[in-house]
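Keep the 3D view open as you read.

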Amino acid sequence: MDYDELRRTMVETQLVPRGIKDRRVLEAMLKVPRHLFVDESIRHRAYEDMALPIGEGQTISQPYMVALMTELLELKGDERVLEVGTGSGYQAAVLAELAREVYSMERIEALITRARERLRSLGYDNVHIICGDGTRGLPEKAPFDGIIITAGTPGVPEPLKAQLADGGTLVAPVGGRFSQQLVRLRKKGADFSEEYLTPCVFVPLIGEYGWKE
Ligand code: SAM
């Protein structure tokens, strides 16, 4: 299978026509080998226009959603970013192409083991995966220039708002348990501006400041 060709087609048919414009984001999506972040049995489907199962009842997000959420962070290259919901590690790899340091939190150990192995073998040494409840964030490494929540949450957890740097951006799917809206918050001093962008569907964010199990 020519995965480079499948990746080019994904960018040209799924991302560019839907309005992804940031050159650096498109280059990262062209570069990161998404097929290595799913099980071998579904590798041939890695570049399809959909989320795919990664085990433990979780999913790797649709390529367009990964590109859109990444673009919304407006990364320039020198940022420290927190991801909540490592899953396969794919979104973390895309972020690692675009920011200086990526901290990624996941609550399911089995996913962490696989994600760490993939990221290590691909040479992403600027990604740090932490096991824990990401709704509490990572106060010891805060503040973050960007925070991305890749699971659906009833509201943006207060600890994550507090851990956002002044001028920082947070992107999250906010809403009900089965469907959400993509929201972008920007922090200016003590104030937050809020944009509601597009409907989306994510698995639930489970934790102290998210959904209960
Ligand atoms: N970003 C991932 C990727 O690129 O494969 C996809 C994330 S998947 C849609 C959502 C992930 O969030 C799941 O792996 C789930 O276990 C994780 N999750 C849910 N609640 C969490 C929490 N409180 N802290 C950390 N991770 C959480």
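**Around the ligand**

Of the 27 residues around the ligand, those that come nearest are Glu83, Ser88, Glu106, Gly134 and Ile206; a residue is near if one of its heavy atoms lies within 4 Å of the molecule. Before going on, note that this is a predicted model, where local features need pLDDT of at least 70 and side-chain atom pairs pLDDT 80 or more, while totals for chains, interfaces and linings use all residues. Residues are numbered from 1 along each chain as its sequence is written, and side-chain values use heavy atoms, leaving out hydrogens and water.

Now look at the nitrogen atoms of the ligand. One is 2.9 Å from a polar backbone atom of Gly85. Polar side-chain atoms also face ligand nitrogen: one of Asp133 at 2.9 Å, and one of Thr150 at 3.2 Å. Taken alone, the ligand exposes 610 Å², and the protein buries 99% of that (Shrake-Rupley method, 1.4 Å probe).

Which elements give two or more residues to the shell around the ligand? They are β2 (58-60), α4 (90-98) and β4 (101-106), with β2 giving the largest share, three residues. Helices here are DSSP runs of H or I with at least four residues, and strands are runs of E with at least two, numbered from the N terminus.

**Over to His128**

Next, find His128 in strand β5 (residues 127-131). The side chains of His128 and Glu101 are joined by a polar contact of 2.8 Å (a pair of N or O atoms within 3.5 Å, where within protein one must be able to donate a hydrogen and the other to accept it, and residues adjacent in sequence count only if both atoms are side-chain atoms). In sequence, His128 and Glu101 are 27 residues apart, and their C-alpha atoms are 8.0 Å apart in space.
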